[in-house]
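Reader: I am new to this structure and would like to learn how to read it. Please show me the sequence and the model.

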Amino acid sequence: MISTSAMINPLYRAFLSQLGHVVVERVTGGAGARRAGFPCDVGDITVGWLDTALAARYPGTRTASVDTSLFGEDMGNSSRMVRLTLDYAQNPHSLPGQMVLKMSKAETGSRVAFAAPRMLEMEARFFETLEPELRSDKRLAEHLTFPRSFAARYRNEGGNFYVLMEDLALRNGGAGVRFRHETQPYTTMEEAEVAVRALAAFHARYWGSARLTGDGDLSWIIHQRSGLLSANVRFMGFSWKKFVGRLAHRLPPDVLARGDLLVPVSQRVHDAMAAGGSFGGYGGGEGAPDTVVHGDFHLENAFFHPDEGAEVRGPMGIYDLQMMRVGKGAIDLACLIAGSVDVERLGSLTTERSLVETYVTAVNEGLAAGAGGDASREYGFDAAWHDYKLGVAVHFVWNVSAAVALPFDTEAHLDYDEYATRLCKALDRTDGINYALGVLGDLVDTEGRSPTPPWGAPPRVPALHRRADGESPGRADGVVFHDPRFTRRPTGSLGRLKYEAKHAFFRRMVEKSGHHGQKMTIEPRVLEESHSMDWAEGTPGEDAAFDSYYLSAFSDDYDAAPDFALRWGRRLKPEAGEVWCVIRVPGEGLLVWGDGGDALPHPNTSCHVVTAGPGAVVAQAQGATSTLRLDLVEPMRRWTSSFRGSLLNRTRGVNVPVEFDLEWTALSPNFSFGSDLDPGLTATALAAEPASKGFFDELKSSHQEHFEQFGAVTGTLKVAGKSYVVRARGMRDRAWGARDWGYMQAYSSNYFRFADRHLNFTFASLPTMTNHRSGFVHIPAPSSVFTSTSASTPSPSPSPENVVRGLGTCEPITHVSADFWDLLGPAPTAPPGDFTVAVRAGGVVYTIRVTVADGNTVGFLLGSGAMYVNFRFARFEVAWVDPVTKEPRTADGAGVSEFGYRVAGYQPYRFEGATARPALMALS
């Protein structure tokens, strides 16, 4: 039964309308269609009908007789093919004695399915209007040809159409043309390049043409964004199980396991192939403009002119224009390269990139030569590669959807299997699932039409790196970064087999033990109160033992209220303390723990950190009176923090007196990074590493415990006599065990609040897991209450009963769209200032854009030059689909995006050989 919301969709309305017309035609025996001049069966193809059909273009032509023979009845799902042999009474235009007539099928299902999205109309109108125009284009004719048309018409009511065209068997002096099937893909670069250049010549003619828009004479061509093409989510979702059932034995493991992640974004992937729409353009509008695309430019719809035994030479031919539309040329490019070229035989990803470069060059050459398109719209490779990868995802979506129509006849069945298999391999090679999620996210409405998010959906790869003066470290600051090396998932059949076996082993190990290195078995009060450093006895050395607390606060009113980031860290010796104290005050700048003076390019983090009783920790500046204090009020529920002293206004370059008093109240349960992470992501990181005894020894020894918790923060701040009300939300964490900052090659931790939720996603590169991804989303209980921030109206701090009525759940992140090397870039010198990541948690995909404004970064040099941390207050924009209401949601958020890099030349402490382990950190 079709739902009410489905009936609102233009495609479903068109289905119902066409169904009504076809039913009337059946009842009346096709009387209306015949009166309008459309043949309903082969018996209607008479001398009189032919004379009428040919009169528009070839006046004076009279046929004496016509013989018909039906062929190609099972060549496809949309039409019938009839070969006509004609004798003429009058033939002033020298028309051939043999033609082919393509006409509507009689079956109701076929007629409705192809008429509703205007597919029959597109083919008829192409041969009626565009084919004669293209035939006269001598430059295009060097690369691409179409069957010549003699007559073509379309009738909307019921999808009647016909195209009277040349019989290709008469070409080349009667030698005909060569057809190939998808079981015979392009196997040489010469063959593939002939097709790519032909495609580029076709696209260049209409590249950004004004004829396609407004009142242009080609504005009738259906657009990629048309509502008649907006049921991808439904079709792909309905067909996914059948697609897997049919091709599971052929699919790459990742596509088989995760291809359904594209179901909720399938319409958005489709819409990305329309320039000028919600997701048109790339890197500031430098992408491809709209052009006329074939829509189904694969081997099965092509023909070739054999030359002395050669398989392919130019010009190549193309037919079957039912999927013609206005959109990005990458629709055709991905169909051709990913679907019909044996890329793996020709060199895998390098071949794809080379063919895309050939296309870009040919398009730009055509524009420069006056092919007909907008010569000012030059195409770049980065934009083309971006479009190509999304184009592969588009065709994956379409071919999953097509599985519901299978099987065709035996020949088409085999061709589909071959084409779809190559397409899925291309999706896997290009990391298309992650790429599509990272770029487009999961913002769709109930019909799959994509509303415009609050940003332009920037590309995930590469992240947009930038360095603002004074924000990011560089060689001028005396800091040179270590260049991390990442282990990527192996390729090739044997490499993947080993990877899958290791993944299964590690996942089973993690799931069986219930933890990721050590498990949390201590009651909340013990976890919360300050640890005596004998908890770290047995660690390899004093410098590795640590005990750390962290508290942050992010205001809802980013432009008017302050944000905080506070950290206390202790080593075995009290003087070996570390402190972060960063406050962002709108209109004032960044306040930092600045007792190191102006000579340092980064704040001094050294201090005394001491305990002042159970659950209390105090950081005191060396040689100064500034004191930062943290006190436990109720384990896992309430903490307070206070500061008295002076901070350096980094923006203005002066020290200012500062006081604050804050109260932190839990809004979420605590989330342990030892026991609550998704085992699949941990197994993914471990399985990519080369296994050895040394690897496992180090894996077991480099432990620490860490948990995080989000909460509400209220209180007051006074800066140089000016008072501020603090009403915010932020994260609290706790970590202890063995940590050498430089043991990490690099890391990125991003934590923030948005709408009624909180989110953390973290990347880390360690010697044992060079590309580990993790995190969680906090979803409040339905009864949770949090009062929005007010920057101007003071109000008393709410009690825990008023703030929290249920802590909700923390869902671990199970998928992350980006790999760490994508964010760090080829040479890590500064973190990205603008990047997009998609994560999946609790069955919901969240697309996150992170932006860092100039002036919101502080650099910390930690561990005697072991690691440089770019601490950045950041803005977060999130899009997701509410799992209860199924409605799209977007929200702005605020938080922190940290990027830490090991300093070049630093030798981290190695943990091999450690035997005595603290009981709290022991493996079980």
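Reader: Which residue stands opposite S548 in β14?

Author: Strands (E, at least two residues) and helices (H or I, at least four) are DSSP runs, numbered from the N terminus. Two strands pair if DSSP finds at least two bridges between them. Here, S548 stands opposite G569 in β14. Strand β13 (residues 545-555) and strand β14 (residues 563-570) pair in the antiparallel sense, over 7 bridges.

Reader: What kind of model is this, and how are residues numbered?

Author: This is a predicted model, in which local features need pLDDT of at least 70 and side-chain atom pairs count only at pLDDT 80 or more, while totals for chains, interfaces and linings use all residues. Residues are numbered from 1 along each chain as its sequence is written, and side-chain values use heavy atoms, with hydrogens and water left out.

Reader: With which other strand does β13 pair in the antiparallel sense over 9 bridges?

Author: That partner is strand β24 (residues 722-738), where R732 is the bridge partner of L551.

Reader: Is β13 buried or exposed?

Author: Buried means under 20% relative accessible area, exposed over 50%, and partly exposed in between (1.4 Å probe, protein chains only). In β13, 11 of the 11 residues are buried, so the strand is largely enclosed by the rest of the structure. Residues including Y549 and L551 point one way from β13, and others, among them Y550 and F554, point the other way.

Reader: How are two packed helices described?

Author: They are described by the angle between their axes and the distance between the axes. Axes are lines fitted to C-alpha atoms, for helices over the stretch in contact, and angles run from 0 to 180 degrees between N-to-C directions. Helix α15 (residues 381-402) packs on helix α17 (residues 432-440) at about 110 degrees, with the axes 9 Å apart. That angle makes α15 roughly perpendicular to α17 (under 35 degrees is roughly parallel, over 145 roughly antiparallel, 65 to 115 roughly perpendicular, the rest oblique).

Reader: Which residues make the contact of α15 with α17?

Author: Contact means heavy atoms within 4.5 Å. From α15 come H386, K389, L390 and A393, and from α17 come Y435, A436, V439 and L440.

Reader: Where is N760 found, and what does its side chain contact?

Author: N760 is found in strand β26 (residues 757-765) and is buried, with a relative accessible area of 0%. A polar contact is a pair of N or O atoms within 3.5 Å; within protein, one must be able to donate a hydrogen and the other to accept it, and residues adjacent in sequence count only if both atoms are side-chain atoms. The N760 side chain makes such contacts with the side chains of E708 (2.9 Å) and T762 (3.0 Å).
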